[in-house]
Protein chains: 4
Amino acid sequence: MTKIAILGGTGYTALELLKILLRHPAAEIVAVTSRQEGDIAVAESHPSLAGRIDLRMEPFDPASLAQRGVECVFSCLPHGASASAVALVLERGMRVIDLSADYRLRDPAVFARWYGEPQHDPENLKHAVYGLPELYSDGIRAARLVANPGCYPQTAILGLAPLVANQLVDLNDLIIDSKSGVSGAGRTPKLTNLFPECNESVVAYGVGNHRHTPEINQALSDAAEQPVEVIFTPHLIPMDRGIFTTIYTKPFGVWPPLAQVMQVYRDYYSEDPFVRVIENVPATKDSAHTNFIDMTVRIVRGRIVVLVALDNLVRGASGVAVQNFNLMFGHDEKTALW
Amino acid sequence: MTKIAILGGTGYTALELLKILLRHPAAEIVAVTSRQEGDIAVAESHPSLAGRIDLRMEPFDPASLAQRGVECVFSCLPHGASASAVALVLERGMRVIDLSADYRLRDPAVFARWYGEPQHDPENLKHAVYGLPELYSDGIRAARLVANPGCYPQTAILGLAPLVANQLVDLNDLIIDSKSGVSGAGRTPKLTNLFPECNESVVAYGVGNHRHTPEINQALSDAAEQPVEVIFTPHLIPMDRGIFTTIYTKPFGVWPPLAQVMQVYRDYYSEDPFVRVIENVPATKDSAHTNFIDMTVRIVRGRIVVLVALDNLVRGASGVAVQNFNLMFGHDEKTALW
Amino acid sequence: MTKIAILGGTGYTALELLKILLRHPAAEIVAVTSRQEGDIAVAESHPSLAGRIDLRMEPFDPASLAQRGVECVFSCLPHGASASAVALVLERGMRVIDLSADYRLRDPAVFARWYGEPQHDPENLKHAVYGLPELYSDGIRAARLVANPGCYPQTAILGLAPLVANQLVDLNDLIIDSKSGVSGAGRTPKLTNLFPECNESVVAYGVGNHRHTPEINQALSDAAEQPVEVIFTPHLIPMDRGIFTTIYTKPFGVWPPLAQVMQVYRDYYSEDPFVRVIENVPATKDSAHTNFIDMTVRIVRGRIVVLVALDNLVRGASGVAVQNFNLMFGHDEKTALW
Amino acid sequence: MTKIAILGGTGYTALELLKILLRHPAAEIVAVTSRQEGDIAVAESHPSLAGRIDLRMEPFDPASLAQRGVECVFSCLPHGASASAVALVLERGMRVIDLSADYRLRDPAVFARWYGEPQHDPENLKHAVYGLPELYSDGIRAARLVANPGCYPQTAILGLAPLVANQLVDLNDLIIDSKSGVSGAGRTPKLTNLFPECNESVVAYGVGNHRHTPEINQALSDAAEQPVEVIFTPHLIPMDRGIFTTIYTKPFGVWPPLAQVMQVYRDYYSEDPFVRVIENVPATKDSAHTNFIDMTVRIVRGRIVVLVALDNLVRGASGVAVQNFNLMFGHDEKTALW
């Protein structure tokens, strides 16, 4: 039984994490911290957990966590705040899965450019492993610090990895058009996230400057073994959860028939239980509340169009975090996620 | 051409009012004020108005409004703030339609009890007319100050008026169950109004203590010519706009057949263009974006069940405000609303 | 490992049942039948099950089910069709949980009156047990045939049982106003269930004549030990899943304070893991995708208002079906449902 | 007063057309035909029109329309059926605005290839004018037969016209990613359009083979004065109405700064009241229920990204139909649409 602490327990990813870990046979949640809430029950902040968890929100105290035998800390804190806390728990020997962006970008200068502030913990950054299990599972197993991947990046990276790893498409011509439910914007009240603003509306945002862009570039550059820069446009969709990503690529030279491209995908993910390469176009509803990432491919006028769907809170955040936990602590990758 | 000013121009009712008044052949909007926004274009605060209005938000200045010949002021300010502003424009001879709750309750003590603060302008309150045209049109025509009615109260009052005015039901047994879209909660960011909190959810709120209750009681007491107190439960529904109200009443003695009850309703509203007494159960969608209030009646185990629907932003607020304006300034009641 | 068959595998309740049973450690799904679909994979009809189930839809053949050792049949067929199939599998010694309405009403004459056709299997009806575990668990444990309860009725019955069983309220004055997501209307294409008809709209339907009424009456009459007839109005809400029920009751004589009423509820459900008697008003979102039924009580002008929420597909249908299965086959009631 | 008939009166575009024409000071609706409905009131098929229109649905009878002095026929019939009816009314001298796809593609062979059936009226096709006012207003003014444009094509064509007409982008690299509300799929019950299928989900459909593709190609080829073929992917979004289109283009050579591109757009549409070239990214909500088409431009890694929004039922169908009517009959283009 691994003792777990969750930092930043009031948001949507924390709630999703709590739900998954409560089903995990080898995890015991011993602490949930919150900066905003006072001494309230976790189930008061998250009424859906009534009767399922007796803990109360507590202030973050790394010494106390260590003393209580916490071995693994999930941080659901916002970037910046997360690095500060993560450094303190790493120092005490706990392993960390950080759901913020703080340790995703290897180069602190890239972080500084996109986030408008310095990376707060460059020392630990050196040892952080990017927590996308399908591409970095060896590193994850051994890691003390896993940088849990962003929701959009997973669709873009896993949607493109088979093509770029096999040098099948022009790396200067990768267009990623994503559509996300509103929970991805978090639980902090903002005008743009009010129901009457989002409902019955679609809008693009962060056009050309969304912070998930360098994360996509970094992982695809790894896969391609050369620098990759993508064009990425996210859109806000009136639904709670789900991301649908449509990717437009330009193949080199003459292109094999669709069946062969599909086979490239099937081969690439043959060992990955959570990637479903399917015949039909995936709907976000079909992966909702699961850790699956669904994808298919179409050929349109000589382009490869890749269509990818996942649940942004489960596979896009807390589910993949538990998948990482399973790898780090030697459990079956699917535990609590199937 | 009547010159108009709108106070509190950033919310949903102000936007709806602007849209309706821009179509009004006899109204000219000369000022829109805002406390929160700086010197920005009205169309920047409300992008749907791009290309349709050139005004900028301005601070509230009653002298300037008077000087520019404003004859009618619509206040979309919150209660409390509204009374303070309204007193100043009344003083300068402008007529006012107040969309806040400040002048709806005749008895300042009742206001104080339900709103937890004193009514801020008892002097003008004495002359305010409750702006529900189907019941108070004579007063409205002559009024200097109209208290525009609440959205829920209109469904309850107009749904029950034919029954209570004709002494057909037990006044101690009036149960009003209302379902409202989220725009009724306003445009101020609050956790409970975030898309991921409201979407895919229904919840009751203000059970037994919603502030629209005394307003319903007051108007029904007028109609019944004796004190009436209702049981009122509002619910939040994942949609932008619309209120559906289901009313349960207990008739006295033997009850006439449904056809006769329907006739009571048709007779009662025979002169009212915006009340549609219909055969089918009204869906809120069928009155959305209109000034209609739709209703029908059913008999269930000897009870009369009244089913009422309207658009909370148009008929529930800004549409009825323009209907009041039309009455006050001698226009056809339907102008800009048909 | 109990071998399971599901009849009528294409609808929403069948999908939900499949998802729950795939997590059940002591259940093995060996057959899924469908009348409409040809020889297609279950995962083709339900793409969310891709990679999780290898079965294909098959025609209903009771002999084959018996031969393959099926011990428990869940019928998700429509009423009428269900009784015909159920009779055949009971005959072969399989136990049945019927999710249709066919065996819910003890009196075939009542069935005939509300459903406009005779009850098709009066012989087995005599032995059917109404599958509401909180009220009928002893019968369920021993039953060969469980009539799984309707979604609305569970909210009304469990919301009222503590009051009527304790003779605290007037049985002639029970008003039940329910609000349901659209999945309750099934997966058969109908104009009224199209997205653009339901979205951004609320409407009442079946006012005074919804078929769940006699089911509510029957169970409450059991609890009250005298005949009960309720007034029940369901409404369609633009959301996938969830039912919120608001119940208005009139207490006898002087009424104890709210705290005492809450205690009545807590005592009544003290042994029932899936009933959560809570302080706050339940939102349907907080029980979504769970088998919980959440409720609280308020006193409004001397009336008791009960507020109840559940997920219509899980607790309202397939979750409670598995809860019944657990009771029938000696598993912990919470297995696969917690 | 121009006498109007509407063919195919039961769908969403017919309803929207009725609403707009009821506000039109120079149009009188004298007939609404329906194949499916019997002799029912128009307001029974469309309850939102209760009290606003007294007509009943009637069978299509071109002689009767001519006899009653109908001068303009709007056909809301499905393609195929529409051409058959249109030929008959043209023969009797009435002018026609056809909202179906029957006359949009000049080359009957292209129609046959994309629609899988022959174009049914090649004779009249020769004289049909594509009804996109911003590009073809001269032809529309004089036309006897206007082929009202598709909803998606308007976003793609108007979003790209300034770039292709000015030879600023590579015509082999036009990627159009569209997101549409569900009303675009029509009012015929289909599984894929049920609320619980669409809600909380996004999915692409018609990838590479949507029938609006050749319509986009044809109009852009006109604008470019050379053949253009686009890559077009539509997506279904859980909302009633609205289309958001994101267009990715590759400029030739060195590219002018954003301000200059914006100026190209403003100049191109300087005379077009319904095209709003705006600074902010348009949300579909801001053009909902209007005839506006909103657009802006961004530069991302050297590409021009164009972002376009409109209401698919108004600007995408019935609003632009009335705009065409206004041009054909000499009214101000904005009549009934402002």
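## A sheet and the helix on it

Reply: Strand 1 (residues 2-7) of chain A runs parallel to strand 2 (residues 27-33) of chain A, and five bridges join them. A:Lys3, for example, has A:Glu28 of strand 2 of chain A as its bridge partner. Two strands count as paired if DSSP finds at least two bridges between them. Strands (E, at least two residues) and helices (H or I, at least four) are DSSP runs numbered from the N terminus.

A word on the background: this is a predicted model, where local features need pLDDT of at least 70 and side-chain atom pairs count only at pLDDT 80 or more, while totals for chains, interfaces and linings use all residues. Residues are numbered from 1 along each chain as its sequence is written, chains are lettered from A and ligands numbered from 1 in the order written, and side-chain values use heavy atoms, leaving out hydrogens and water.

Now the whole sheet. In chain A, seven strands form an open sheet in the order 3-2-1-4-5-7-6, with parallel pairing. Strand 3 (57-58) and strand 6 (129-130) of chain A are its edges, each pairing on one side only. Helix 12 (residues 314-328) of chain A packs on this sheet, touching strands 1, 2, 4 (72-75), 5 (95-98) and 7 (145-147) of chain A. Contact means heavy atoms within 4.5 Å. The direction of helix 12 of chain A makes about 155° with that of strand 5 of chain A; angles run from 0 to 180 degrees between N-to-C directions, and axes are lines fitted to C-alpha atoms, for helices over the stretch in contact.

Let's turn to chain B. There, the axes of helix 1 (residues 12-22) and helix 12 (residues 314-328) come within 9 Å and cross at roughly 45°. That makes helix 1 of chain B oblique to helix 12 of chain B, since under 35 degrees counts as roughly parallel, over 145 as roughly antiparallel, 65 to 115 as roughly perpendicular and the rest as oblique.
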